[in-house]
Amino acid sequence: MSFVLFWALPLALVGGYLWLRAADQYASYMGFSVRTEETSSAIELLGGITDLSSGSSSDTDILYDFLTSQELVRRVDDAVDLREIWSRVPYSRDPFFAFDTSGTIEDLQAHWERQVSIIYDSGTGLIEVRVLAFEPNDAQEIGKVLLEESAEMINALSDIAREDAIGYAKDELEVAVERLKNARGALTVFRNRTQIVDPSIDTQNQMGLLVTLQQQLADSLIDFDLLRNTTQQDDPRIVQAERRIEVIQSRIDAERRKLGLGASGEGGEVFATLVGEYESLIVDREFAEAAYTNALAAFDSAQAEARRQSRYLATHVRPTLAERAEYPKRETIFVLTAMFLFFGWAIGILIYYSMRDRR
């Protein structure tokens, strides 16, 4: 009795459903992959800027996730009306394989996962898709729309990557240009304020004049000592030599003060401070020029990278058109059901007799 109730009767119900109520379904097969063509640019070959951007997920992984997303289901439904296609056989007749038109988008996505089989080989990057429908043309049409949406998504990824790379490099270039303008403007303001083009040149000139005056002072002191040793104290040449020494000394003191003052004299800025400010401005300008050169090279490289890289969907198997129904696999489902029912019934019988014997 248990064998009839738990194996024969359920198996008869499953067989009756498969051969009497389950409708034939046609399969459309397709295969594709994401291809990216990249070549080394001249900048890369010369050891320039490379690897402007990178991602942690491959394009094929993203596409595989997209193929099972609700967004794709909604897009395909809007294009070919999945609800109508998968309900051509009434839901009341075939509640397992047909779709209830009153279902929500979540129900449609769950039915999509049963009707659309996706096999992704991460080693080769190939994706194989099988689409089931009650009519062969419907299955093929779903496959075509699926390919179109996938190609559009890959193109969108390419556009986003291209815009991000170029946009980031362009922003960096604009910042570098503005920095260079500010550095050059600050240097121009300094030169207009101090009336000095290059303080280092003025410093060298001042130092040369001071050295000459010191040499003249040394010669005058020697002449003065000679006169004092060879003439009388009231000799007018001694007075003249003293006056010459005083004039040269005062001129030396004046030139030394100039080294500590700007061109405006007593009210000017300390010359050492002007030299330090000038050198700081020169460093800022050189850094801005180097940053501008690098930013311009990065921008040119980003544009070349965007033009050279090509990401596209490569279809190696177009959606096929079935000539006979392959699904549902009635014999396979029937045999597997019989096996599981038998094993379940046998385990139940063993448990029953084991418990009876223990009593």
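**Helix packing and strand pairing in the predicted model**

Gln70, Leu72, Val73, Arg74, Val76 and Asp77 of helix H4 meet Ile105, Glu106, Leu108, Gln109 and Trp112 of helix H6. By residue type, this contact of H4 with H6 divides into six nonpolar, two polar and three charged residues. H4 spans residues 70-80 and H6 spans residues 105-115, and their axes come within 10 Å and cross at roughly 95°. The two helices, H4 and H6, are therefore roughly perpendicular to each other. As with everything described here, this contact is read from a predicted model.

The secondary structure comes to 11 helices and four strands. Of the 359 residues in the chain, 33% are buried. Contacts that reach across the sequence are well represented: among those between residues at least 6 apart, 80% join residues at least 24 apart.

The crossing of H1 and H11 is right-handed. On the H1 side, the contact is made by Ser2, Phe3, Phe6, Trp7, Pro10, Leu11, Val14, Gly15, Leu18 and Trp19. These residues meet Arg330, Glu331, Ile333, Phe334, Thr337, Ala338, Leu341, Phe342, Trp345 and Ile349 on the H11 side. Sorted by type, the residues of the contact of H1 with H11 comprise 15 nonpolar, three polar and two charged.

Turning to the strands, E2 (residues 116-121) pairs with E3 in the antiparallel sense, over six bridges. Two of the residue pairings can be followed by eye in the structure. Ser117 has Arg130 in E3 as its bridge partner, and Ile119 has Glu128 in E3. The hairpin of E2 and E3 has four residues between the strands, and in this hairpin Gly125 takes a positive phi near 80°. Strand E3 covers residues 126-133, and six of its eight residues are buried, so E3 is largely enclosed by the rest of the structure.

Strand E4, residues 310-317, contains Ala314. Neighbours within four places in sequence aside, Ala314 is in contact with Gly31, Phe32, Ser33 and Arg35.

Gln140 belongs to helix H7, which runs over residues 136-194. Its relative accessible area is 16%. Because buried means under 20% relative accessible area, Gln140 counts as buried. Apart from residues up to four places away in sequence, Gln140 touches Ser28, Pro319, Thr320 and Leu321.

How values were computed: Residues numbered from 1 in each chain as written. Predicted model: local features only at pLDDT ≥ 70, side-chain atom pairs only at ≥ 80, totals over all residues. Heavy atoms only, no water. Left-handed = near helix turned anticlockwise from the far one by under 90°. Contact = heavy atoms within 4.5 Å. Nonpolar A, V, L, I, M, F, W, Y, C, P; charged D, E, K, R; others polar. Buried < 20%, exposed > 50% of the residue type's maximum accessible area, 1.4 Å probe, protein only. Pairing = 2+ DSSP bridges. Axes fitted to C-alpha atoms, helices over the stretch in contact; angles between N-to-C directions. Parallel < 35°, antiparallel > 145°, perpendicular 65-115°, else oblique.
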